[in-house]
Amino acid sequence: MGATAWAALVLLGAGAVAPVARLVPVLVSLAVGGGVTLESAAGPAESAEGSLGGLFGGGGGLSLGLAGEVALTPLTLTFLGTAVLAAGFFRPLRRRARPTPAMLWARCGGALAITAVALPVCAVLARGTARLPENVKDRIGERAGSGRFGAGAGGGLASGLSSVDFRTDVVTTAFLGCLGAVAVLAVGCLAARRTTLPRPVALGGPRLKWHAVLSALTGTAAVLCCAVLAVAVLAAAAALTGRERAAEAAGALLLAGPNLIAALLTTGAGTSWEAGVRRLRPEGGGMAGMLGAGEQDGAADRDRVVDLGHWAGADVPLWVLGLLLTLLLLLLAGYVAAARTPARTVREDADALLGRHADTALRMGIAVGAATFVLPYLARGSLRIGVSLMGSEMGGLRAGLDTSPRLSALTAFVAAALAAYGGSRLQGRRARRRERPRERPVPRPRAAPSRRTRSPEAM
């Protein structure tokens, strides 16, 4: 995770904002669910440009403050951390004899102990000072300068608040990281293949029922994430030729490639996604109203918001492409899940409430519906920076990728059930064709050739 985060930051040129050694722990903390807090305040002893007196042309006095937060989960780093944890936990079990439940619990305790120690250390290191990019300072300055005191106030504000202090919440990072590790181990015990597990786990009801579906879905997700990583590596190779856009694309994919895939797939299920940049305009009143921050100056016209679902890149709405890709992937997942489902005996088939294909479709629909409900909250991200004076917010900037799940989980359940049913039926038909003996024509016995005996009279 750290190596990938470092490579992405270098490709994005993040060293001009803050030291990369400080930003790497920040990204790792964000990948496990932690949040980053931004905070900056100009002291009375600083230059007049960052104080209230500076806005009036004087010096010293009451200071302005800048605060914000970053809420983003780079799912590429999350995937890599999950893969390392799963490989380190389950791969050694392939070569062992049947382990005991006590050994499995001991391995779980060791994995959680390492997580509980490593993540707080990483969160403690994730703090420092970052310089605001020029475009962000310009936007904040324009907003502050749109009041009654003119553009000079905005320029002074932008130059006075040119940097922010960032830090990560240690408790939240450690708690969510340990919770994520527990979820990975729990799902892995149900979905892991070619792994020797204790008999109560291997022959338990949850694993026998959910192993085929969860292994197919986790395998599909892993293939998608690996494909994104491969594209990022190709873009990084193209960046070595001097193409700056390729370097930026590679850095973005190394951090948030799976986020884009999740947005695309959930858009097909009906999730509403919006990407854009908005300016924070507080209501008038108080000191902010005196400075004119509550006035409508046409800033709303400069907000950029794009509805991804209805965005048409190739004359086809994105939600149509997402729906088609989702159905195709679910069809393949249903086929694989049906192939990995053990054949039922005659008695089991008679006692079951649903047929083999309907049972696979139902479980696939439940798993995909739950994932569609959770994924939007993991894939979205936002950056918020606000300027405050005497406790009143004067304005600010908000950018990111926001979502509204609506009834997408129900839509995903129906689509996954139908696609998985079709994939299961297709696999069953193909399996019957393989098991059916080839009908060969029965060779007919050949009649013995009659020999004509010629009589002397005929001669």
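**Exercise 1.** How much space lies in the second largest pocket? Determine also which residues line this pocket and to which classes they belong.

*Solution.* The model is a predicted one.

Step 1. The space in the second largest pocket amounts to about 1900 Å³.

Step 2. Its lining consists of 48 residues; those nearest the centre of the pocket are Leu12, Val70, Leu72, Leu255 and Leu383.

Step 3. Helix H11, which spans residues 244–268, contributes nine residues and gives the most to this lining.

Step 4. Sorted by class, the lining of the second largest pocket holds 36 nonpolar, seven polar and five charged residues.

**Exercise 2.** Classify the aromatic pair formed by Phe89 and Phe90, and decide whether each residue is buried or exposed.

*Solution.* 

Step 1. Across the whole structure, a search finds two aromatic pairs. In the pair of Phe89 and Phe90, the ring centres are 4.8 Å apart and the planes form an angle of 75°.

Step 2. Planes over 60 degrees apart count as edge-to-face, and the pair of Phe89 and Phe90 is therefore edge-to-face.

Step 3. Buried means under 20% relative accessible area. Phe89 is buried because its relative accessible area is 3%. Phe90, at 6%, is likewise buried.

**Exercise 3.** Which charged side chains lie over the rings of Phe89 and Trp210?

*Solution.* 

Step 1. Over the face of Phe89 lies Arg107, at 5.4 Å from the ring centre.

Step 2. Over the ring of Trp210 sits the charged end of Arg363, 5.4 Å from the centre of that ring.

Terms used
Residues are numbered from 1 along each chain as its sequence is written. This is a predicted model: local features need pLDDT of at least 70, side-chain atom pairs count only at pLDDT 80 or more; totals for chains, interfaces and linings use all residues. Side-chain values use heavy atoms; hydrogens and water are left out. On a 1 Å grid over the protein atoms alone, a cavity is a set of points where a 1.4 Å probe fits but cannot get out, and a pocket is an open set with protein on both sides within 12 Å along at least five of seven lines; lining residues have an atom within 4 Å of a point. Grid points are joined across faces, edges and corners, and a volume is the space filled by probe spheres set on the points. Helices (H or I, at least four residues) and strands (E, at least two) are DSSP runs, numbered from the N terminus. Ala, Val, Leu, Ile, Met, Phe, Trp, Tyr, Cys and Pro count as nonpolar, Asp, Glu, Lys and Arg as charged, and the others, Gly among them, as polar. Rings of Phe, Tyr and Trp (its six-membered ring) pair if their centres lie within 6.5 Å; planes under 30 degrees apart count as stacked, over 60 as edge-to-face and the rest as tilted. Buried means under 20% relative accessible area, exposed over 50%, partly exposed in between (1.4 Å probe, protein chains only). A charge sits over a ring if NZ of Lys or CZ of Arg is within 6 Å of the ring centre and within 35 degrees of the ring normal.
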